[in-house]
Amino acid sequence: MATSTVEPSAAEVTPPAATAAAETQPPASVDAVGMVSASVPDVTPTSMTSTPVLQTDAPSLAVTDQAGSPATGGAIPPATRDLSLSALDIPIPSVASVGQKKGPTPPPTPPPEIVKEPAKHPQGVFSLYLKQDTALSIGLDRDEAKHESLHLVPTQKVFQDIKTRGTGSEFYPLKGQLQNYWEPNFTFRFINDDRYLNNDNFEIYATYDAREKLLTDIAEAIAIKEELEGPRVWKCLGSDVEVEAENMKDARPPVRYVDALQQNEVMDLYEDDFATFADEDYQLGDKTTTAVTEYQSFSDITYGRSKMVSAVDWMPGRNGIVAAAISDSKSFDERMQTAGKPSDSYVLVWSFLDPIHPQMALESPSDVFCMRFNPVHPMLIAGGCYNGQVILWDLTAAQDTVDRRHKRQLEDKSESGNKKTSEKAVLVLMNLLSSARHSHSSIVSDIHWLPEDFQMSVKGQMVGNRGLTNFLASVSADGKVTFWDVTSKAEPELNPEWSDERKAAAVEGEKYKWKPVVEIVLASLDPIKQVGPLKVAIHGLAGGGTQFYCSTEFGEILSADVTSPSGDNIKSISQCHYGPVRALLASPFYKTVLLSVGIWTFALWKDSVKEPIFVSRCAEGYLTTGCWSPTRPAVIYIGLIDGTIEVWDLLDHSHQPSMIATVCSCQLTVMEFWRISCKLIIALQQVLFWHAVSYS
């Protein structure tokens, strides 16, 4: 480091007084302009031949004696005083600035301006500026869009905008690039950073590869972000309390290993539990046998050849007498071809005494689809026909003939030994037949005799009937529920001048003019959809009630009121089944419980409950019919199209039948229990079978 010193010549010796005077001078001071100056005493001995020289490039100043050692005075130790500018942290001035005043500070130099270059468009990507009106016309909201957000716009909307607006369309400059795009949607990305330096606010991906590359880049970015963030920490939002409430907790303390080992010591580990498991299932309900076995079968060559049984019913008050409606096994198209043509159909009355020859044959102008015996007057039987007419037979005279014939056969048998004679069935003609004008316009799908304490007047009002069952109700898919009075046969006005043949013909003609007393038209809640009732349950009319239930061909169960013949007569309607409901029966034990059988499932209903209380699982084949067990409230019998019967014991299993029995290889149409002995009669397509059901 260069120093600025005052050096005497070699020939001169500084006197002591001069040295002392030099030490008494004040130290270096800093002037107003920040320069360092050193005061030098005005001592000029005669012996000094040279003048001290100030070297400005030296940042330190030191005073030395003649011998070259630092000048000290008094008790000050010999040391050099460092007055360097670097030690004082003062900038070194230049020689030209010594003695000059400092001017104003110049302003700082601004940084060099950075020129931004526009970004390059990726391959197949174009930018454009869309106005708010144009964006809304193609399904975009420019004001609501976020930066880098993606939007799908149908291709047809973009091409329609070009076609409609022509050169005024924002898409027109890109018409050549967009016309080869074959995807159904264009991908738009909103940008608001002006990356292309042209004020464009949307990017459009005009090629399939460009769109796929964008989606791939987004997926990779998301994967990298998830990898950097790591697995997310579960944050409870209050669901832990609900989960804890639903968890299964042990109701008893866990079994200790010691207890388990002791239990194994007293039990046979090698016992086959499955060997006794099947036996326990087989002995369900503590019965000696659980099988459906054939007890009796009926067949007739004259009336029943190539026929099907459409309805069966037991004659009340007599043992072993059953009626079966025989009809042609035709499809709907085949019946339409023969509609309007005269044809004979019969209802056969059988007895256990003769399973080959029927006792009676009830003649009908059309095939009978449903029928019922009068529970109070067993000699009256009503039926519903395929052509929509309701028919009534009186078996009083025919039954007398059958009884006399049977008595004579017993006498002949006692006289001639075991010889048995067979006679033809007694032909029974109709007693009443509804007129075609007042009949149903569709098949009479169900018919029931009304309770003993129920009777309606012509005005639709309920009146007492003194325990006589003279009313019956019929239902059809035409949406009508009609009520008939069997005592309403009018006497014709006979002219005394008529002959006996003409009077007899007039009396005979009145039986074909039977009219219903009350006709209820079920008004659908949906004005477009028509109600098509198939089955009816009238248990609610007993005891002065006015409510009855119907099942429809659309799988619905509805409740209606008989006091509202027209207008708003449907109180509630519920959808449960898919397709027509084949059966609707009230439980013999609980009158408020109903059984409905659809084509796939069966369900249980309860009064005043709009939804079913139980629905079975879907069957493997079509369900055709069903009935309640007369002795066990929880047992239900279901018939299938493949000729099998499913026995459901709901107290045992509710997800599967307790027993399945195959009784034939054709469709089951009807099942009815004989309440006296709890035997089940099953109607098939060609023949009629009796079965004794031990399960019930």
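Two strands are taken to pair where DSSP finds at least two bridges between them. In the present model, which is predicted, strand 7 and strand 8 meet this description, pairing in the antiparallel sense over four bridges, and within this pairing Phe190 has Phe202 of strand 8 as its bridge partner. Strand 8 also pairs with strand 5 (residues 125-128), again in the antiparallel sense and over four bridges, and here Val125 has Tyr205 of strand 8 as its bridge partner. In a regular strand the side chains alternate between the two faces of the sheet. In strand 8, Phe202 and Ile204 point one way while Glu203 and Tyr205 point the other way, and all of these residues are buried.

The bridge partners Phe190 and Phe202 are also linked through their rings. A pair of aromatic rings is described by the distance of the centres and the angle of the planes. A search of the whole structure finds 15 aromatic pairs. Phe190 and Phe202 form an edge-to-face pair, with 5.3 Å from centre to centre and 65° between the planes. Because Phe190 lies in strand 7 (residues 185-190) and Phe202 in strand 8 (residues 202-205), the pair ties together parts that are 12 residues apart in sequence.

The ring centres of Trp484 and Trp514 lie 5.1 Å apart with the planes at 55°, so the pair is tilted. Since Trp484 belongs to strand 23 (residues 480-485) and Trp514 to the loop between helix 12 (500-509) and strand 24 (518-521), this pair ties together parts that are 30 residues apart in sequence. Trp484 counts as buried at 0% relative accessibility, and Trp514 is likewise buried, with a relative accessible area of 3%.

Strand 7 is also a packing partner of helix 3, whose buried residues pack against helix 2 (132-137), strand 6 (150-154), helix 4 (175-178) and strand 7. The buried residues of helix 3 (residues 155-165) are Thr155, Val158, Asp161 and Ile162. They cover an arc of only 135° around the axis and therefore lie on the same side of helix 3. An α-helix has 3.6 residues a turn, so residues three or four places apart point the same way. The face of helix 3 that is turned away from the buried side carries the exposed residues Gln156, Lys163 and Thr164. Just after helix 3, Gly166 takes a positive phi of about 65°.

Strand 26 (residues 547-552) and strand 27 (residues 556-561) pair in the antiparallel sense over five bridges, and Gln547 stands opposite Asp561 in strand 27.

The confidence of the prediction averages a pLDDT of 75, and 69% of the residues score at least 70. Over residues 1-81 the pLDDT stays under 50, and the model has 80 contacts beyond four places in sequence for this stretch. The pLDDT is also below 50 over residues 83-88, a stretch with 13 contacts in the model beyond near neighbours in sequence. Where pLDDT is low, the predicted coordinates should not be read in detail.

Conventions. Residues are numbered from 1 along each chain as its sequence is written. Side-chain values use heavy atoms; hydrogens and water are left out. Rings of Phe, Tyr and Trp (its six-membered ring) pair if their centres lie within 6.5 Å; planes under 30 degrees apart count as stacked, over 60 as edge-to-face and the rest as tilted. Helices (H or I, at least four residues) and strands (E, at least two) are DSSP runs, numbered from the N terminus. Buried means under 20% relative accessible area, exposed over 50%, partly exposed in between (1.4 Å probe, protein chains only). The arc is that of the directions from the helix axis to the C-beta atoms. Contact means heavy atoms within 4.5 Å. pLDDT is the predictor's confidence in each residue, from 0 to 100.
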